[in-house]
Amino acid sequence: MTDPAPARLVVLLSGSGSNLQALLDACADPAYGARVVAVGADRDGVAGLDRATAAGVPTFVDSVKAYATRDDWDAALAAHVAEFKPDLVISAGFLKLVGSAFLAAFGDRYINTHNALLPAFPGIHGPRDALAYGVKIAGATLFFVDAGVDTGPIIAQVSVPVLDDDTEETLTERIKVAERAQLVDSVGRLVREGWTIENRKVRIP
Ligand code: GRF
């Protein structure tokens with residue numbers, strides 16, 4: 001029996017793309033079971049797009065500003081992603097909330113990695129908010145995106161300690177190391193084994 005074709009990943013990002021890089025590196029091993037078929041961003045000039053190009057992966061940019069309405073942007077993004085026929089769409093540092101058209105198309109397979117232990121500290125300043133609150137444990141959460149802000153069913157979580165002398169930068173970096181490993185591990189398991197979601201509980205058989 002021949003191996004099944006690798007699962008098709010589309011990665012969306014807005015910044016440095018270290019999570020993308022971790023996925024690209026993992027995909028180099030055929031046993032991982034996936035390949036990144038496209039990378040999309042909401043802005044030009046970010047390092048994540050350069051990482052994709054360096055790996056020979058096609059890129060596209062859909063900037064909100066380029067569309068008359070947010071709904072138009074959302075529909076265009078959904079159409080762009082659909083061209084690449086993804087099995088999984090991964091938001092990895094993508095600083096935009098998608099809308100109803102995107103979720104109608106990909107809501108069953110759109111995942112996001114967030115740099116806090118949800119449901120604590122949703123939004124774009126997870127590590128900063130965790131530090132300000134004084135928590136002793138921080139971390140990252142991988143989840144299926146729903147219509148809320150960082151509210152969808154949780155796939156995996158990983159914790160890291162918060163140290164007394166942490167700054168936002170040091171804590172962010174410690175979280176990102178654990179976050180990348182979690183993303184690579186979970187995406188591989190999702191594409192190789194599939195998943196179920198029942199009453200918010202995500203199970204990978
Ligand atoms: C990740 O920590 C993610 O949780 C947050 O932004 C970071 C993206 O990092 N939303 P990178 O662009 O993958 O390096």
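Predicted model: local features only at pLDDT ≥ 70, side-chain atom pairs only at ≥ 80, totals over all residues.

Residues are numbered from 1 along each chain as its sequence is written, and side-chain values use heavy atoms, with hydrogens and water left out.

First, the salt bridges. Side chains of opposite charge can pair when their charged atoms come close. The cut-off here is a side-chain nitrogen of Lys or Arg within 4 Å of a carboxyl oxygen of Asp or Glu. By that rule the structure holds 5 salt bridges.

Take D42 and K96, whose side chains meet at 2.8 Å, N to O. D42 sits in the loop between β2 (34–41) and α2 (47–54), and K96 in the loop between β4 (88–92) and α4 (100–106), so this pair links distant parts of the chain, 54 residues apart. Helices and strands, by the way, are DSSP runs numbered from the N terminus: H or I with at least four residues for helices, E with at least two for strands. D42 is buried at 6% relative accessible area, whereas K96 is partly exposed at 21%. Buried means under 20% relative accessible area, exposed over 50%, and partly exposed in between, with a 1.4 Å probe and protein chains only. D42 and K96 also belong to a network of salt bridges that includes R43.

A second pair is R128 with E168, at 3.4 Å, N to O. R128 lies in helix α5 (residues 126–133) and E168 in helix α6 (residues 168–193), so the bridge ties together parts that are 40 residues apart in sequence. Both residues are partly exposed: R128 has a relative accessible area of 40%, and E168 has 27%.

Then there is D166 with R174, where the closest N and O atoms are 2.7 Å apart. D166 is buried, with a relative accessible area of 11%, and R174 is partly exposed, at 23%.

D74 lies in helix α3 (residues 70–83). Not counting residues up to four places away in sequence, D74 touches V98, G99, S100, A101 and F102. Contact here means heavy atoms within 4.5 Å.

K176, in helix α6, is also buried without a salt bridge; its nearest side chain of opposite charge is E173, 4.5 Å away. Leaving aside neighbours within four places in sequence, K176 is in contact with S16 and S18.

Now the helix pairs. Two packed helices are described by the angle between their axes and the distance between the axes. Axes are lines fitted to C-alpha atoms, for helices over the stretch in contact, and angles run from 0 to 180 degrees between N-to-C directions.

Helix α1 (residues 18–27) and α6 pack at about 40 degrees, with their axes 9 Å apart. They are therefore oblique to each other: angles under 35 degrees count as roughly parallel, over 145 as roughly antiparallel, 65 to 115 as roughly perpendicular, and the rest as oblique. The contact is made by S18, N19, A22, L23 and A26 of α1 and by K176, E179, R180, L183, V184 and V187 of α6.

How many of the 10 residues of α1 are buried? The count is 8, so α1 is mostly covered. The buried residues are S18, N19, L20, A22, L23, L24, A26 and C27. Their cover includes β1 (7–13), β2, α2, β4, β5 (110–114) and α6.

The other pair is α5 and α6, packed at an angle of about 120 degrees with axes 9 Å apart. That makes α5 oblique to α6. P127, R128 and L131 in α5 meet E168, L171, T172 and I175 in α6.

Definitions and conventions. Lys, Arg positive; Asp, Glu negative; His and termini not counted.
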